[in-house]
Amino acid sequence: MRALQALWKFVRVLAWVVRGYVSVRRTFGTLSDEQQARAVEVWARGMLAIIGIQVRVKGHPAQGPVLMAANHISWLDILVMHAACHCRFVAKSEIRDWPLVGVLTTGGGSLYIERSSNRDAMRVVHQMADALRQGQVLAVFPEGGTGDGVSLLPFHANLLQAAISADVPVQPIALQFLEASTGAHSFAPCYHDHDTLVSSLWRTLCAPPLLAQVRYGDTQMANGRNRRVWAQDLQATVADLRN
């Protein structure tokens, strides 16, 4: 029975993806930035509802200009954060080439980075700093990869240079996936190196109803810290926010 329910969810997910794809291709160009942001939030909430994930927000997202820094568990993190509050993500360049998903991610305003290239990292930092100076809300996953939601990977510091250069705050964010009925930690949404997008999605669809918790911390300025020290402090803050 659970497999049949998951299959029905999968069909609805594909239909929702196609709906979003058509919307981005046909109507996004006619919308204002604010209208696009609201449309992304609505689409993300709809997708999570289909999958069976409820979003619970604790704290308050900061207004731009701000750089949000969150721990990274799954490809679902982007949907969860969009559902809570639209922001522009810095995403790995491979996502841009994913069928359908790449168009949706680009439509959501993502900036892309070649993670293996230091030169490209500097290009993205300059692009981020310009966007922050314009008052935008950007988001990064400083771990650089996905963890299990229990322990944190070391926070990389390179992209924090954008906040230092633009003299804007960073808001730490803690993400968690829990079983809705018990509040216990759920590993179902985790996206490991050996996973494919389809296998990770199927595992999540087969899981019991889930709760995605987004906890916003207080914004903080660099206050003289270099990016490496700031990255360490942000990692400790995110770890505290999950407790």
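**Strands, sheet and helices**

Guide: Start with strand 6 (residues 170-179) and strand 7 (residues 210-216), which run antiparallel and are joined by 7 bridges. Strands here are DSSP runs of E with at least two residues, helices are runs of H or I with at least four, and both are numbered from the N terminus. Within this pair, A174 stands opposite R215 in strand 7.
Guide: A word on the source: this is a predicted model, where local features need pLDDT of at least 70, side-chain atom pairs count only at pLDDT 80 or more, and totals for chains, interfaces and linings use all residues. Residues are numbered from 1 along each chain as its sequence is written, and side-chain values use heavy atoms, with hydrogens and water left out.

Visitor: What order do the strands of the open sheet have?
Guide: Two strands pair if DSSP finds at least two bridges between them. Here 7 strands form an open sheet in the order 1-7-6-2-5-3-4, with mixed pairing. Strand 1 (53-58) and strand 4 (111-113) are the edge strands, each pairing on one side only.

Visitor: At what angle do helix 1 and helix 2 pack?
Guide: Axes are lines fitted to C-alpha atoms, for helices over the stretch in contact, and angles run from 0 to 180 degrees between N-to-C directions. Helix 1 (residues 2-26) and helix 2 (residues 33-51) pack at about 170°, with axes 9 Å apart. That makes helix 1 roughly antiparallel (over 145 degrees) to helix 2. Contact means heavy atoms within 4.5 Å; among the residues making it are W16 of helix 1 and W43 of helix 2.

Notes. Parallel < 35°, antiparallel > 145°, perpendicular 65-115°, else oblique.
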